[in-house]
Amino acid sequence: MGRTTLSLFATAAALAAVTGVAVVTAPSGDAGSGAGTGTARATRSAARMPVQRSAVVCPAPTSSEVAETTYTAFSPGAPATAKAATGGRDARRPADLLPVTTTKSQAPAKKSEKGEKKAGDGKAAGTGPVLTLKAPGAPATATTDRSDAPALLGSADGPLAPGYTVQQTTAVAAGSGRGLHGLTCAPADTSFWFPGVSTAKGRQDYVHLTNPDPAAAAVVDLELYGKDGRVAAPAGEGVTVPPRSSVPVLLSTLSDTPADALTLHVTARSGRVGAAVQASDEKQGGDWLPASEPAAAAVLPGIPADATSVRLVAFAPGADDADLKLRFAGPTGSITPAGHETLHVRSGTTETAELDGVARGETGSLLLTAEDGGKVVAGLRVTRGKGDKQETAFLPAVEPVGARGTVADDRAKGTSLSLAAPGAEARVKVTAWAAGGGTPATRTYTVRSGTTLTVEPPVPGGGGKGGYALTVETVSGGPVHAARTLTLPQDGVPAFTVQPVPDDRSTVETPAVRSDLTTVTR
């Protein structure tokens, strides 16, 4: 019997250096191989390794002439629990935010003679970086007051890739959507759910579609769902996004019937896109509306104590209806909102529940559980203030912090963290990282079971001048769901924005791999 042995070690190690998704330890000989089998049995256990590349998409921030946008980029580097990477990309390469071609005006897509929908005339983007991050542990910032600021693509390699985060915060001084618009730039993908969009009069919701591919166009479908099911929106089918370009589409142009409290589903037929929804209201300000993932249970932290209106929007994407159980987790425990114990969501429809007064003067989180095992996508529209001083923010369902979550553009005044523990008690460590590499500040908190703990996070050495970044790490106990609230009042308006702080995906698990692959010939 003859045999041929092909070693996998060199191939897998090289792949890991490029992709950051697989690393294989060196072979250890034939120890443990079965006698007479002719195959090597050496196997190493799975390990978590730092990612070697991260990429995000930031939409065009605003078309307002009276607005200022702050970009903050940050990377905390690889977690202490991760093994050191072998190989990898050039450690000296910085992380850049680069502009892409963006349509001149935020207009809906237009049909070409061939029936394809293409973007309107676009403005060519510059080639130089808008912001460069040079080292882990030190946030970098840039500002602009341009009303035609383009969409941006961010990428980080090597030591800057783990936890790479970009925050985009825009303060709009007047007009429709005035207030604070905050967004954590996200990776491109093929599917996004946005519960809570609107095509009603007085509201302008744009979905920004950004294609990071330098060569191939992406084709995207936009579907709207209301209380009676799918809303006819033929103009949302087959929207073409050219290579390395961004296309904003006004949602009210997709349907002839205005409607409030809709769910938008963005799917890419070909390619991958970044998708983000910006909502502007003539009376209630505006903000970015984050995406949510379908799940059987959801935690929505960050409901402010002084909320004057709280609306839950839920959609059942599967074939089955969903019966949701609602609870509010405050600082001392969880309660069932009177009159809103449950919410029935029919398959393929969007349902709402007005939860005004649910907070009762306490900051907290909404906990949702599908009693029949069905899945929903859910979000909250939260309003603060009264009369002509109202401001709105949107809260998504947030995944657990996991090993570590990261959020940038925190301020010494106006920053708070909401930490929810829907299950067992948990301990978390919060670290504040200063711009310019100042001294980090760390504090550990205990979140009791079934409660939401709201804290003012530590401020790094130097007072956090110019903004800083936060990391939230799970130390022990059950899962923790976190959200950061930034409040920057404007002429009596309680301008605020809430960003989720999920796991920052700093590491990937490498599978256990045999040290060699043996073929046996007879």
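Among contacts between residues at least 6 apart in sequence, what share joins residues at least 24 apart? In this protein, that share is 81%. A contact here means heavy atoms within 4.5 Å.

## The model

This is a predicted model, in which local features need pLDDT of at least 70, side-chain atom pairs count only at pLDDT 80 or more, and totals for chains, interfaces and linings use all residues. Residues are numbered from 1 along each chain as its sequence is written, and side-chain values use heavy atoms, with hydrogens and water left out.

## Overall build

The protein has 42 strands and one helix. Both are DSSP runs numbered from the N terminus (helices: H or I, at least four residues; strands: E, at least two).

Of its 522 residues, 52% count as buried. Buried means under 20% relative accessible area, with a 1.4 Å probe and protein chains only. The protein exposes about 21700 Å² (Shrake-Rupley method, 1.4 Å probe). Carbon and sulfur atoms supply 51% of that area.

## The disulfide

The structure holds one disulfide (a pair of cysteine sulfur atoms within 2.5 Å). Cys-58 and Cys-185 form it, with their sulfur atoms 2.0 Å apart. The pair links distant parts of the chain, 127 residues apart. Cys-58 sits in strand S3 (residues 53-58). Cys-185 lies in the loop between strand S14 (179-184) and strand S15 (191-197).

Cys-58 and Cys-185 are buried. The torsion about their S-S bond is about 115 degrees, so the disulfide is right-handed.

## The largest cavity

A search of the whole structure finds three cavities of 30 Å³ or more. A cavity is a set of points on a 1 Å grid over the protein atoms alone where a 1.4 Å probe fits but cannot get out; lining residues have an atom within 4 Å of a point. Grid points are joined across faces, edges and corners, and a volume is the space filled by probe spheres set on the points.

The largest cavity holds about 100 Å³ of space. It has 18 lining residues; closest to its centre are Pro-195, Gly-196, Leu-380, Arg-381 and Phe-394. Strand S31 (377-384) is among the elements that give two or more residues. S31 supplies the largest share, four residues.

## The second largest cavity

This cavity holds about 60 Å³. Its lining includes Arg-203, Asp-281, Arg-381 and Phe-394. Strand S22 (274-281), strand S23 (285-289) and S32 each give two or more residues. S22 gives the most, with three.

Key. Buried < 20%, exposed > 50% of the residue type's maximum accessible area, 1.4 Å probe, protein only. 1 Å grid on protein atoms, 1.4 Å probe; cavity = no way out; pocket = protein on both sides within 12 Å on 5 of 7 lines; lining within 4 Å.
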